[in-house]
Amino acid sequence: MIDQPTAEAALRALDPLVGEWRLTAVGPDGEPWPGEARTTFEWHSSGAHLVQTTTVEMPEAPDSISIMGCDAANGIYYQLYSDERGVWVFGMSISETEWRLWREGEPFPQRFTGRFEDGGRRIAGRWEKAEDGTNYTTDFDLTYVRVG
């Protein structure tokens, strides 16, 4: 018998995300983006995936759905992100203090780092992109504040 972590145990690491959050985005110029944005993380009825649904009142930032899960045997998390522009697969890690997402490929590499703050009621994060494929710059800061 192989001694492997169970998917259930690995998925429990995603519990700090579960709930409803208000989002605030600030561009690299320091200006807040207009409109309201909210996201909800909830377990799929199978219990095997966490579903994130995001609505944004800004045409440049489309509504989206993400499915998160893990390969427990290898300790690898993934996020399958989709919006009107297409579908992307992100690598993902999560700990008690930090949530990270990253991907390579077209149209450019991206990464997100979020820090859990205020007892888990806030995630202070930053999206970065490497339009030249190598050098990352700030795309926007993104703050999650728990509302439910």
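Reader: Which element gives the most to the lining of the largest pocket?

Author: This is a predicted model. Strand β10 gives the most to that lining, with four residues. The largest pocket holds about 800 Å³ of space. Of the 33 residues lining the largest pocket, A61, Y81, R85, W127 and F140 are the closest to its centre.

Reader: How many residues of that lining are nonpolar, polar and charged?

Author: The lining divides into 21 nonpolar, eight polar and four charged residues.

Reader: Which residues touch the most other members of the largest nonpolar core?

Author: A nonpolar core is a set of buried residues joined through side-chain atoms within 4.5 Å. Here the largest one has 27 residues, and L14, L17, F41, M68, W99, L142 and Y144 touch the most other members. Strand β6 supplies the largest share of this core, four residues. Leaving aside neighbours within four places in sequence, W99 is in contact with residues including L17, F41, M68 and Y144.

Reader: Is E128 buried or exposed?

Author: Buried means under 20% relative accessible area. E128, at 19%, is therefore buried, whereas R111, at 31%, counts as partly exposed.

How values were computed. Residues are numbered from 1 along each chain as its sequence is written. This is a predicted model: local features need pLDDT of at least 70, side-chain atom pairs count only at pLDDT 80 or more; totals for chains, interfaces and linings use all residues. Side-chain values use heavy atoms; hydrogens and water are left out. On a 1 Å grid over the protein atoms alone, a cavity is a set of points where a 1.4 Å probe fits but cannot get out, and a pocket is an open set with protein on both sides within 12 Å along at least five of seven lines; lining residues have an atom within 4 Å of a point. Grid points are joined across faces, edges and corners, and a volume is the space filled by probe spheres set on the points. Helices (H or I, at least four residues) and strands (E, at least two) are DSSP runs, numbered from the N terminus. Ala, Val, Leu, Ile, Met, Phe, Trp, Tyr, Cys and Pro count as nonpolar, Asp, Glu, Lys and Arg as charged, and the others, Gly among them, as polar. Buried means under 20% relative accessible area, exposed over 50%, partly exposed in between (1.4 Å probe, protein chains only). Contact means heavy atoms within 4.5 Å.
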